[in-house]
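Open the model in your viewer and keep the sequence panel beside it.

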Amino acid sequence: MKEYKLSENYMKHEKRKSLLLALPITVFAILSGLIVGGYGDEFHEFLKVLPMVLILIVIAVIIGLKSGNKYNKDSLTSYRIELSENKIIKYQKNISTIEIEQFEVISLTEYKNKGIMINTENKVKYIFIPVSIEDYSEIKKLLSVWMNIKVKESESKNALLLMYITGIGTAIGFLVVMICEYPYIVVPVGVIMIVTLIWSIVTVLRSPHTDKRLKKNILFVILPILAILARTLSFIVK
């Protein structure tokens, strides 16, 4: 059984991509929070505490970005693939080990310039091998003995766009619920937001591919859920 790890260039690329994804969503979320905080008759009072709020926001963002960078670095540097004639295993720090036997594989799909996806009948049991892993061509050759590898165009751009839309859409939805005064808008948007956020928490907690530290932190999403629920109920019980 031979072991493979990610190349240095790939790890640098992934770190830059994570930062580019996080920054615009973070900025938009901060602006949304400031708008909510400064909305209404208490605007002048809000201005008095704005400097302190901004300082706390900057500190929180710096801590969040540093923690996220550490999580990402740990995840990338610890990534290992072990491949034998009839088994493949993926190891990653703070993430459940994924082990797939040859007989479990139902499809092998190579996305151009991205890598190979190994799928099983269990939708959450899969392994993605990035093209920038060491000896990628060797891995591809060994896997092709198991099954014919289908080739498809890369879907990463669509996935990245969906992540942006989801992040910004969540911030907009929160903004609408907290500021809008029309029940026929707040109630349906609030319900959609609550269901979506709860579904996101459950999905993250159930996924074997999610960092265990992130699973713990995702529980903080309960706070905005409670805020949205309180705001929505205030219109329903009127």
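Buried means under 20% relative accessible area, exposed over 50%, and partly exposed in between (1.4 Å probe, protein chains only). Helices (H or I, at least four residues) and strands (E, at least two) are DSSP runs, numbered from the N terminus. This is a predicted model: local features need pLDDT of at least 70, side-chain atom pairs count only at pLDDT 80 or more, and totals for chains, interfaces and linings use all residues. Residues are numbered from 1 along each chain as its sequence is written, and side-chain values use heavy atoms, leaving out hydrogens and water.

**Stop 1: helix α3.** Select residues 136-146. Tyr136, Ile139, Leu143 and Trp146 are the buried residues here. Look down the axis of α3: they fall within an arc of 60° (directions from the axis to the C-beta atoms), so they line one face of the helix. Now turn to the other side of α3, where Ser137, Lys141 and Val145 are exposed.

**Stop 2: the core.** A nonpolar core is a set of buried Ala, Val, Leu, Ile, Met, Phe, Trp, Tyr and Cys residues joined through side-chain atoms within 4.5 Å. The largest has 23 residues; select Ile88, Ile118, Ile127, Ile129, Ile133 and Leu143, which touch the most other members. The largest share of this core, four residues, comes from α3.

**Stop 3: β6 and β7.** Which way do these strands run, parallel or antiparallel? They run antiparallel, joined by five bridges. Select Met117 and its bridge partner in β7, Phe128. Finish on the hairpin, which joins β6 to β7 through five residues.

Technical notes:
Two strands pair if DSSP finds at least two bridges between them.
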